[in-house]
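Please look over the sequence and structure below. The report that follows takes up helix contacts, a pocket and some backbone details.

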Amino acid sequence: MHRPPISFPAPSKRVLVVCTQRIGDVLLATPLARSVKAAWPDAQLDFLVLPGTQGVLEGNPDVHQVLAFPQRASLREKLAQLGKIWRRYDLAFAAIPSDRARIFAWAAARNAVGFTTAEEASWLKRHLLKIAVPFDNLQTHTVTMGLRLVEALGLPAIGQVQTPRVPAENWRKRLEQLGLTRITDYVVIHPNPKFRYKMWDSDKWITLISWLRQQGVEVLLTGSGDPTEAAYVRDIASKVPEGCRCLTGLLSLAETAELLKGARLFVGPDTAVTHLAAATGIPTIALFGPSNPVKWGPWPKDWPAGESPWPFVGSKQQGNVRLIQGPGDCVPCLFEGCDRHLDSDSKCLQDISVERIIDAAQEALIA
């Protein structure tokens, strides 16, 4: 239950959103920031994130400054982190249910809003927050969950995921550098998720890309600069008989978002770039296996704040996004693959046929 109402400065002049988690978590916290800025347009809103995730906030008009604090730090470094933000803000949100986020929010502002879970009965955890919102990890979408923090303050919730962006002139120059200025009819595919248990079969990616090329559209493959990921994506590109462009390691998150905005279609697994594609409004096909789509399904562009767009079981089209869930009575199991570890295969994903994805792609291309 919510604690009794607290008198917050309204509007707050300086606001901090703490989201010390992965890229996708930070991206899906942007509706929280959008809601705060819509209610209090003169507020200065900052984010506190982990290094390597701040790129997803590049060019976000709601964000004044991004602080990136390393997760692994000595005691002296942790105290210095706390000192850097100590009481600098009127209001702070702990956008994830972690001790780290709550402590930073508490240090940053006397008025902190965040999550607690049923398992967390500690007095300290509860009293770091002026308003504690019960966290649901199963039946509530991540966007909706974040918006409950602003609703707890009586502010209207806006379910708008903000993608990073690059100034138009800079993006034009970048396209020239990449030799992409003449490519206007293209599909983007991001075949590699962060973890193996979210992977589709590489041979199926090759078949899909080959089919797309036979339809007369260019195919651009994206991926990070991680050596293992880059090698995986390049291997796929090298085996497509009709050829395709491999951009792995060449684009920032903001540049990836700009590339997506011009695409006719995006296809990808459960990963941050799939969330980016959905937020741009382009037709998006998302392959899901063991993950919970109610919580992590891509949020379609302009989807209203409220309940999750996705059921727990079953494939569905919502707005610009088609979520295709793998078959099986155990789906979604919510585990890390069939062997319960990050490097495990997931049979439900491997059992998604390439014909099923081709059919979905064909429908999207002719729509």
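## Helices H2 and H6

In this predicted model, helix H2 (residues 30-39) and helix H6 (residues 142-151) pack against each other, with axes that come within 8 Å. The axes cross at roughly 30°. Angles under 35 degrees count as roughly parallel, so H2 is roughly parallel to H6. The crossing of this pair is right-handed.

Which residues of H2 and H6 meet? From H2 come Pro31, Leu32, Ser35 and Val36. They meet Val143, Gly146, Leu147, Leu149 and Val150 of H6. The contact of H2 with H6 holds 7 nonpolar and 2 polar residues. No charged residue takes part in the contact.

## Helices H10 and H11

Helix H10 spans residues 253-261, and helix H11 spans residues 272-280. Their axes come within 9 Å and cross at roughly 45°. H10 and H11 are therefore oblique to each other. H10 passes H11 in a right-handed crossing.

On the H10 side, the contact is made by Leu253, Thr256, Ala257, Leu260 and Lys261. On the H11 side, Val273, Leu276, Ala277 and Thr280 make the contact. By class, the residues are 6 nonpolar, 2 polar and 1 charged.

## The second largest pocket

Rolling a probe the size of a water molecule over the atoms shows where empty space is left. The second largest pocket holds about 180 Å³ of space. What lines the second largest pocket? The lining residues are Gln71, Leu75, Lys78, Gln81, Leu82, Arg100, Ile103 and Phe104.

Two or more lining residues come from each of helix H3 (75-85) and helix H4 (99-108). H3 gives the largest share, 4 residues. The lining of this pocket is made up of 4 nonpolar, 2 polar and 2 charged residues.

## Backbone details

Most residues other than glycine have a negative phi, and most peptide bonds are trans. Two places in the backbone are worth a look against that background.

Where does Arg87 lie? Arg87 is in the loop between H3 and strand E4 (91-94). Phi of Arg87 is near 50°, a positive value in a residue other than glycine.

Is the bond from Val331 to Pro332 cis or trans? The bond is cis, with omega near -10°. Pro332 sits in the loop between strand E13 (321-325) and helix H13 (347-350).

Definitions and conventions: Residues numbered from 1 in each chain as written. Predicted model: local features only at pLDDT ≥ 70, side-chain atom pairs only at ≥ 80, totals over all residues. Heavy atoms only, no water. Axes fitted to C-alpha atoms, helices over the stretch in contact; angles between N-to-C directions. Parallel < 35°, antiparallel > 145°, perpendicular 65-115°, else oblique. Left-handed = near helix turned anticlockwise from the far one by under 90°. Contact = heavy atoms within 4.5 Å. Nonpolar A, V, L, I, M, F, W, Y, C, P; charged D, E, K, R; others polar. 1 Å grid on protein atoms, 1.4 Å probe; cavity = no way out; pocket = protein on both sides within 12 Å on 5 of 7 lines; lining within 4 Å. Points joined across faces, edges and corners; volume = space filled by probe spheres on them.
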